[in-house]
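Please consult the sequence and structure shown here while reading.

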Amino acid sequence: MLLYYLLNDSLLFAMFRLGIGFFMLQDFSLKRLMSEVKRLECSLNISRFRLDGLNYWPLIRFQMNYYRKYSQWSYKSVYKVGAVSVIMLASIIVLNFLRFYLLSLTSRKPRFVKPVDDCTNDYSCLEQRDVLIVALNKEHHAIVGGKRAAPLMDGIALSLPDQSYYKLVLGASEEELNSLLIGGGSLSYQRAVKRRFENSYRQPKSLSKLYDTLKVLIRCWLVERKLGQTGLKVNPEELLYRLDMIQAQKQEFMSFLRSLSPKVVYLTSYTGRTFIVAAAKELGIPVVDVQHGGMHRFNVACTHWNYVPEEGYELLPDFFWCWDGSVAQMVNDTISHHHQAISGGNPGYHFWCFGHDIVKENMSDEIVAGIEKVQLLSEEKPIVLVALQYGKDELLDSHVIEVFRETRNDYQWLFRMHPMGLDRKDELLDILEGSVDVGLVDWASSIPLPYLLMGTSFLLTKSSTISREAIPFGIKSVFWSKKGAEIHHDIVEDGGAAVALNSGELKEILCSNDYILEKQFELSNVGKQVSSTLEYLNNLFMNNRGTK
C-alpha cells in the first residue's frame, strides 16, 4: 500500500518533468512562438493527437501560449538525442503499469461513478430556439440604465427576433440574471459535471485508459523533444485533467443542446469554452466564434494553423466572425476551409451606435454626458488616449511617464483601464504620483470605446489591439514598446501606427501634424453589416437542426 501511494500522480509527472529538466523562462515573443508552432505542425503527425474522438493538438497550442505569457518555469531538454531520455520515458511506462498492478492488489477500489443517464440535469422544460448565444457573467461589464450588458453578444441578440434565440449566461446567479439589460438563462451544470468527472486519464482504472494516458504522455514527450531548448513547454498533467473535464462538460452540454435544439451557436473567446464547441459539433450544430478584440497576425487561437485534419478540429469553431475583411482574409490565409472566417462587423459597436430602442431608452445620463464631454475635451486640446492592458507587464514605461509630465498642459491625457485590469487603477495612480484625476480615469474607462475614439487624436499603447480598432476612426496609434512594434508590424509598415521607444521619439510624434488618417467608415454602416451577416448565417443554417 505504501508503495502505491509513493507511485501516485504527483511522482509520476514529477518523473516526466525530471527527464527534461527545468529552467527560468526567457522572454518569448508571439512571432517566435508561431514559428515554433509551424515547425511542430510540419514535422509531427498531428492527426495522431487524438483521444476519445477529439484531436487535442489545439489544447497544446493554447497551453504553450499560456506558459509563454504567465509561467516562471519551463522545460528545457538537458539531454541530447540518446539513451537517457528513452530510459526516462520507459521508466514512466513501467511505473504506470506497476501502479495499476498494485492498485488491483489492494482493497482500495475505484470510486463509484454514477451512470451517465443519472447524472444529467432535466432540460425538458426548455423551448426549442433557432439560435443559442453564449456569454459569461463577467462579460457583462457595461452599465446601461443601471442594468448590466455584454455589448458584443448583446449586439447580436438585439439584431435577432426576440423569440428566435436563447441567451445562456454562464456563471450567473439568479440575482445576477435579474440585473441584465438583455435577459438570459443560466446553466447549473457544475454538480452534474462533478458527478460525471471520472479523472480517468490522470488516474487510469483500466488497461484501456492506461494505454490512452500513455499515448498522451508519449505525444507530449515528442513535442518536448522537438521544442528542445526553446523554453516553451507542455504540461501533461494539466492536459490530461483538461481532457477529462472537457469530456464531462461536453456530455452534460450535449443534453442541454438536445433539448434546446438550436441551428447555430454563437460564442466568443472559444478557447475557454472548447467543451461547448465539441458538444455542438458532435451534434452537428455549427459554431460561430465572434472576434472579441482587435486581432493581430500572430493570434494563436485563429491564425497560422499549418495543419488541419481532413474533417477539421473538433475543438475549433466552424466560423470565425471577424470585424472587417482584412482580418477575415488574414485568418482564411492561414487555415483550411473547414474553419472559415467571415467579415461581419463589430457587434459591440452595433450595440452602442445603431440605435436599438432598448439601449436608447436605458442610456444613462452619465453616458450621454460622457459622449458630450468627449466632444468638448477634443475641442479644447488634442486628446491622447492611453490604452492600458492587463496582465503581469508594467502599466507604463518610464519615457511615457516623462512625456506625460512634460506635455499634460498641452494635451488632454486620458488613461483607459482594460476591463479585465480595473483592479490596477491604484497602481496607475501611484505611478503617476497623483498627477491624474481619478474621476477622469474612471470616466475614460467606462465610456463606450467607439464614442471615446471619435474624439481622440492619438492612441498610445504598449501593444493593445485597440490600435487596430482606431484605424477606421482616422487615428494613428503609437506603440511605446518593441513588443507592440513586433506584434503589429503590418500596420506600422502600412502607416497606420508609429513606434516611439524613447521620450524624444514620442514628443516628436505628438508635435507632428502627420497623425491624421483617413476615416474609413461611418458607425451606422457597422449595424447594417452585422444585420446582413446574421441574415446570411441564419439562411445558411435554416434547414439545420442538430439531432444526433
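## Aromatic residues and their surroundings

Phe351 and Trp352 are both buried. The model in which they are found is a predicted one. The count of aromatic pairs comes to 17. Phe351 and Trp352 form an edge-to-face pair, with 5.0 Å from centre to centre and 85 degrees between the planes. One aromatic cluster is formed by Phe62, Tyr270, Trp305, Tyr313 and Phe320.

| Charged residue | Ring | Distance from ring centre |
|---|---|---|
| Arg219 | Phe49 | 6.0 Å |
| Lys373 | Trp443 | 4.9 Å |

## Helix α3

Helix α3 comprises 14 residues, 30-43. From its first C-alpha to its last, α3 reaches 20 Å, close to the 20 Å expected at 1.5 Å a residue. Its buried residues are Leu30, Leu33, Met34, Glu36, Val37, Leu40 and Glu41. Seen down the axis of α3, these buried residues fall within an arc of 160 degrees, so they line one face of the helix.

## Glu314

Glu314 belongs to the loop between β10 (287-290) and β11 (319-322). With a relative accessibility of 15%, Glu314 counts as buried, because buried means under 20%. The side chain of Glu314 makes a polar contact with the side chain of Arg50 at 2.8 Å, and it reaches the backbone nitrogen of Asn55 at 3.0 Å. Setting aside neighbours within four places in sequence, the residues in contact with Glu314 include Gly53, Leu54, Val277, Ala278 and Lys281.

Conventions:
Residues numbered from 1 in each chain as written. Predicted model: local features only at pLDDT ≥ 70, side-chain atom pairs only at ≥ 80, totals over all residues. Heavy atoms only, no water. Phe/Tyr/Trp six-rings, centres within 6.5 Å; stacked < 30°, edge-to-face > 60°. Buried < 20%, exposed > 50% of the residue type's maximum accessible area, 1.4 Å probe, protein only. Lys NZ or Arg CZ within 6 Å of the ring centre and 35° of its normal. Helix = DSSP H or I, 4+ residues; strand = E, 2+ residues; numbered from the N terminus. Expected span 1.5 Å × (residues − 1). Arc of directions from axis to C-beta. Polar contact = N/O pair within 3.5 Å; in protein donor to acceptor, adjacent residues only side chain to side chain. Contact = heavy atoms within 4.5 Å.
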